[in-house]
Amino acid sequence: MRQDIELRVVSIAHAMVFSGATVRALAREYGVSKSTVHKDVAKRLRTLDPDLYAQVQAILIKNKSERHIRGGMATKLKYKLRRQRRADALKNQSSACNQR
């Protein structure tokens with residue numbers, strides 16, 4: 001394996017262990033695709049550092065078990081913000097009508 005790829009794999013794995021970040025967040029941070037990050041930590045890391053691989057797998061399992069909760073929270077926030085924007089728009093519209 002090329003040395004630059006090895007360095008990326010180990011770097012991503014250490015970042016995941018340190019922060020508990022998701023594959024998506026690490027892909028954004030390192031400027032690579034989610035598929036690349038997943039392949040790095042699920043396949044390439046196993047041969048490079050088995051102990052680090054075990055730690056990363058535990059984090060991947062934890063993140064996978066929590067993803068439905070994060071998705072629900074994101075949806076809840078989306079609709080809360082949508083309601084706020086509508087309320088603000090109505091408030092601004094009614095205050096504009098009152099000034100006429």
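Predicted model: local features only at pLDDT ≥ 70, side-chain atom pairs only at ≥ 80, totals over all residues.
Colleague: At what angle do the axes of helix 2 and helix 3 cross?
Modeller: Residues are numbered from 1 along each chain as its sequence is written, and side-chain values use heavy atoms, with hydrogens and water left out. Helices are DSSP runs (H or I, at least four residues), numbered from the N terminus, and axes are lines fitted to C-alpha atoms over the stretch in contact, with angles from 0 to 180 degrees between N-to-C directions. The axes of helix 2 (residues 23-30) and helix 3 (residues 34-48) come within 8 Å, and they cross at roughly 110 degrees.

Colleague: How is helix 2 oriented relative to helix 3, roughly parallel or roughly perpendicular?
Modeller: Angles under 35 degrees count as roughly parallel, over 145 as roughly antiparallel, 65 to 115 as roughly perpendicular and the rest as oblique. The crossing angle here is roughly 110 degrees, so helix 2 is roughly perpendicular to helix 3.

Colleague: Which residues of helix 3 meet helix 2?
Modeller: Contact means heavy atoms within 4.5 Å. From helix 2, Val23, Arg24, Leu26 and Ala27 take part, and their partners in helix 3 are Lys34, Val37 and His38.

Colleague: Is Asn63 buried or exposed?
Modeller: Buried means under 20% relative accessible area, exposed over 50%, and partly exposed in between (1.4 Å probe, protein chains only). Asn63 lies in helix 4 (residues 50-98). With a relative accessible area of 8%, Asn63 is buried.

Colleague: Which residue has its backbone oxygen 3.3 Å from a polar atom of the Asn63 side chain?
Modeller: Not counting residues up to four places away in sequence, Asn63 touches Gly20, Ala21, Thr22 and Arg70. The backbone oxygen at 3.3 Å from a polar atom of the Asn63 side chain belongs to Ala21.

Colleague: Which residues does Val9 contact beyond its neighbours within four places in sequence?
Modeller: Val9 sits in helix 1 (residues 3-19), and at 0% relative accessibility Val9 counts as buried. Its contacts, leaving aside those neighbours, are Asp40, Arg44, Leu45 and Leu48.

Terms used. Helix = DSSP H or I, 4+ residues; strand = E, 2+ residues; numbered from the N terminus. Polar contact = N/O pair within 3.5 Å; in protein donor to acceptor, adjacent residues only side chain to side chain.
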